[in-house]
Amino acid sequence: MKQINKILIAAVGLVAVSLSAMAQESGSSATMRRGSRDKRQQDTNSEVTQRMQSRLQSTPVSDSELAWMKVIYRSLDLNKDVNAPLYFPEQPVDGNESLFRLIIRLLASNQLPVYDYLDGREVFTDEHRLKPRDVLDRFHIYYTEGRGSTDRNPKFEIHESDVPTTEVLSYYIIEKWEFDTRTNHMKTRVEAICPVLHRAEDYGMDALKYPMFWVKYDDLRPFLSTQNIFISDANNLPTCTYDDYFQLGLYEGDIYKTRNLRNRSMRQLYPDPEDMKRAQDSIQRELDTFEEKLWVPSLEQLEAQRQKKEALAEGTEAKAGDAEVEATDEAAAAEKTPAVKSRRGKKADKTAPAKVKKTKKAKAPKASKSSSSSAPRRSVRDRKR
C-alpha cells in the first residue's frame, strides 16, 4: 500500500513538472512569436520606406539615350499666388509645414545633404557638401545641440520662432528639359532647389538676395511625397503633395539663366529689360514647341492643319474684304467730302447771284422810279427855265 502511494505521488509530481514545463514552453513560444512578429513588422516598415525611396528616386539617364537637352534656371517668386503653396502655412498646422521648414528640419537632423551655391556652377559632390553647423552659422540661425548628437552624426534643434520662414521669399530651381530616345518624348524634371533669403542688413535699405544652398531634388523627393499641401482656395482639402506640385509643373518662374559656355546670366547677356523679356519669351516658346517640330504629322493632322489654314485664309480674306470695303468707304467718304465742299461752294455761288438779283430787282425799280421822276422834273424845270 505504501508503495502504491509512493508511486502515485511520484506520478503526480511528474505530471506537475511536465505541465509547468509545457506552460513555460508555451509562454516562451508565445513571447518568441510576438517578438518575431514585431521584428517582421519593423522589417516590413523599413522595407517599405526603402522601397518608396528607391521608387521615387529617378534613375539617371545617360547622354547616349538623349537626343537633346536644355538646362534652365528659374526664379520662383513666392509673392505670386501660383507659388503661394511653397510659402504657406507660415507656422506648422496639423502636420503641414512650408517647404523651407521641411528643408531646414531635415538639414538640422542631418537627414538631407546640401551643397554650396557656387554662383551658377553647381557641383554636387562630397567636396562641396556643406555641414549643417556651418550653414546655420553662416545665416545666423540660432540652434541648440539635439538629442543623440555625435561628432560623426551631429543633430541640432531649432525653435519655431528662429526659423527664418518669412525671409525666404523666393527659390531658385534647375530644370532639365530632355528628349528621351527610349520613349520619344520630351520630359521636364527638376534637378535641384535653392532657397533664397531676402534680408536687409540696415533699416531703410532694400532687401538683398542671399542664395543659401542647393538641395538635390532626388534627395528631397521622398520627404516631399509625404507632405500634403493646399494648392487652391476652392478646395480646403490638401489633395496634392509637394512632389506632385513640382512634377506637374504647377509653379511659375522667370528664366534668369540658361546653361552656356561663359556662364552668363540673362541680365548679363541682355542688359535692357525689354530685350531680356523678349529673349525669355523666345526660349520658352522654343521649349514648348520643340517636340512638335520633331515629327512628320499624320494624314489626320495634315488635314486638320489644312482646314485650319483654310479657315485662317478665309478669315484673312474676310478681313481683307472688310478692309477693302472700309477702304472703299473711306475713299467714297474722301470723295464725298470735297464734293460736299464743292457743293457748299456751289450753293454759295448760287446764293450770291440770287442776292445780287434780289438787290438788283429791289434797286432796279427804285432806280427806274427815281430816274423816271427826276428826268421829267429836270426836263420840265429845264423847259420852264
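Visitor: Where is Ile229 in this structure?
Guide: Welcome! Ile229 sits in strand 8, which covers residues 228-229. Keep in mind that this is a predicted model.

Visitor: How do I read burial here, and is Ile229 buried or exposed?
Guide: The general idea is to look at relative accessible area, where under 20% means buried. Ile229 has 5% relative accessibility, so it counts as buried.

Visitor: Which residues does Ile229 touch, leaving out those up to four places away in sequence?
Guide: Ile229 touches Pro85, Pro238, Thr239, Cys240, Thr241, Tyr242 and Tyr245. Take Cys240 from that list: it is 11 residues from Ile229 along the chain, and their C-alpha atoms are separated by 5.6 Å.

Visitor: Let's move on to Asp243. Where is its place?
Guide: Asp243 belongs to helix 5, made of residues 242-247. Asp243 counts as buried because its relative accessibility is 5%.

Visitor: Which side chain does Asp243 join in a polar contact?
Guide: The partner is Tyr217, and the contact between the two side chains spans 2.7 Å.

Visitor: What about the surface: which residues form a nonpolar patch there?
Guide: Look for Ile231, Leu248 and Leu250, which together have about 270 Å² of accessible area. Leu248 lies in the loop between helix 5 and strand 10 (254-258). For the label "exposed", the relative accessible area must be over 50%. Leu248 has 61%, so it is exposed.

Visitor: Now the rings. How many aromatic pairs does the structure hold?
Guide: There are 13 aromatic pairs. One of them is Tyr87 with Phe88, an edge-to-face pair with 4.9 Å centre to centre and 85 degrees between the planes. Tyr87 is buried, at 11% relative accessible area, while Phe88 is partly exposed at 47%.

Visitor: Why is the pair of Tyr117 and Tyr172 called tilted?
Guide: The angle between the planes decides: under 30 degrees counts as stacked, over 60 as edge-to-face and the rest as tilted. The planes of Tyr117 and Tyr172 are at 35 degrees, so this pair is tilted, with ring centres 6.4 Å apart.

Visitor: Which parts of the chain does that pair link?
Guide: The pair links distant parts: Tyr117 is in the loop between helix 2 (99-108) and helix 3 (132-138), and Tyr172 is in strand 4 (residues 168-180), 55 residues apart. Tyr172 is buried, with a relative accessible area of 10%.

Conventions. Residues numbered from 1 in each chain as written. Predicted model: local features only at pLDDT ≥ 70, side-chain atom pairs only at ≥ 80, totals over all residues. Heavy atoms only, no water. Helix = DSSP H or I, 4+ residues; strand = E, 2+ residues; numbered from the N terminus. Buried < 20%, exposed > 50% of the residue type's maximum accessible area, 1.4 Å probe, protein only. Polar contact = N/O pair within 3.5 Å; in protein donor to acceptor, adjacent residues only side chain to side chain. Patch = residues over 30% accessible without salt bridge, like charges linked within 9 Å, V, L, I, M, F, W, Y side chains within 5 Å. Areas by Shrake-Rupley, 256 points an atom, 1.4 Å probe, with all protein chains shown as cover. Salt bridge = Lys/Arg side-chain N within 4 Å of Asp/Glu carboxyl O. Contact = heavy atoms within 4.5 Å. Phe/Tyr/Trp six-rings, centres within 6.5 Å; stacked < 30°, edge-to-face > 60°.
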